[in-house]
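Hi,

Here is the structure I promised to hand over.

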Amino acid sequence: MFHIVASTGRTATSFLADCLDRLPGVAACHEGHRRSDDGEDLLPLVNLENRQIFRDPSIAPVVVANKRSVANVSTALTTADATVLVDVAYYNVGLAPAILDLHPGARAVGILRDCESFVRSVTWLHGTDPMPVGWPDASKELTARERFIAMGRARPTVGPDADAWSEWGPIERNIWLWRATNQRLLDAKAQFVDRVALLDFGVVGRDGIEQLARAVVTALDLATPEALAALPEAVAAAQRSTNERHGGYQIGCAATWSTQQQTLLHEANTDINARTAQWTT
């Protein structure tokens with residue numbers, strides 16, 4: 001069995017992979033690496049294909065056939081000695097429809113975070129971002145890992161947003177990234193209504209990280225008595241081992257942003273909130 005978790009980013013995905021991997025019979029990856037970014041490779045990497053898939057969704061079935069095939073999943077399950085494989089990754093946003101189409105028994109969870117806090121969390125002006133998701137300031141010096149991830153990061157290629165891209169700073173670019181990412185998640189939900197669960201990170205995680213993990217386990221239909229019994233210790237162990245973000249936000253709240261940035265934020269929120277209202281829990 002194969003399931004996926006997709007995310008707008010900065011929604012405790014590395015923690016979730018670590019936690020799920022500790023449940024009986026489950027092997028979980030964070031972007032193909034078992035449990036964490038430095039873990040064993042269970043699935044082929046598809047980081048660099050992310051930008052191509054955002055540009056042309058018709059590429060996704062080809063990528064999935066090559067790197068998320070039934071044979072790939074079977075090999076990973078054998079290697080991990082598990083019965084269920086879960087891949088937790090940002091890039092699953094673009095791959096979700098193709099994965100669900102190829103794997104009829106698969107389920108997907110999409111975790112959404114509000115735009116303002118997402119942008120504040122992913123916008124780095126200086127220093128090393130330990131979990132690079134968004135577009136950094138153009139003048140920020142990047143590590144080798146940050147450069148590698150940037151090679152697959154989505155950006156507009158046609159239309160007004162592409163025309164404005166060179167003039168935009170990281171706040172504008174990350175508002176665009178949040179909107180484009182959520183549009184793809186919602187497209188997957190519309191196509192596979194009964195197999196894609198959408199979770200609001202701010203609501204589900206409000207009562208603590210265990211509540212988030214429990215919601216994901218339930219949505220993936222993994223809430224067996226054995227899994228639920230093991231969940232508290234899995235959560236505690238994952239919290240101890242998962243890297244924490246350091247340094248806090250490097251930009252202020254939306255009230256301090258420019259008029260253009262606030263307008264883009266409002267437009268993005270209006271678009272996405274109208275579509276998510278009927279589905280998020």
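For Cys19, which is in no disulfide, the nearest cysteine sulfur belongs to Cys29 and is 15 Å away. Cys253 has its closest cysteine sulfur in Cys115, and at 14 Å that is too far for a bond.

Cys19 is buried at 1% relative accessible area, while Cys253 counts as partly exposed at 32%. (Buried means under 20% relative accessible area, exposed over 50%, and partly exposed in between, with a 1.4 Å probe and protein chains only.)

Before you go further: this is a predicted model, where local features need pLDDT of at least 70 and side-chain atom pairs count only at pLDDT 80 or more, while totals for chains, interfaces and linings use all residues. Residues are numbered from 1 along each chain as its sequence is written, and side-chain values use heavy atoms, with hydrogens and water left out.

Most residues other than glycine have a negative phi. Arg10 is not a glycine, yet has a positive phi of about 60 degrees. You'll find Arg10 in the loop between strand 1 (2-7) and helix 1 (13-21), and at 14% relative accessibility this arginine counts as buried. (Helices, H or I with at least four residues, and strands, E with at least two, are DSSP runs numbered from the N terminus.)

Glu31 also has a positive phi, about 55 degrees, without being a glycine. Its loop runs between strand 2 (26-30) and strand 3 (33-34), and Glu31 is buried too, at 19%.

**Helix 1 against helix 12**

Cys19 turns up again here. Phe15, Asp18 and Cys19 of helix 1 meet Leu231, Ala234, Val235, Ala238, Gln239 and Ser241 of helix 12, where contact means heavy atoms within 4.5 Å. By class, that contact has six nonpolar, two polar and one charged residues. (Ala, Val, Leu, Ile, Met, Phe, Trp, Tyr, Cys and Pro count as nonpolar, Asp, Glu, Lys and Arg as charged, and the others, Gly among them, as polar.)

**An asparagine inside**

Asn182 sits in helix 9 (residues 170-191) and is buried, with a relative accessible area of 0%. Leaving aside residues up to four places away in sequence, Asn182 touches Thr8, Leu112 and Ile272.

Cheers

Notes
A disulfide is a pair of cysteine sulfur atoms within 2.5 Å.
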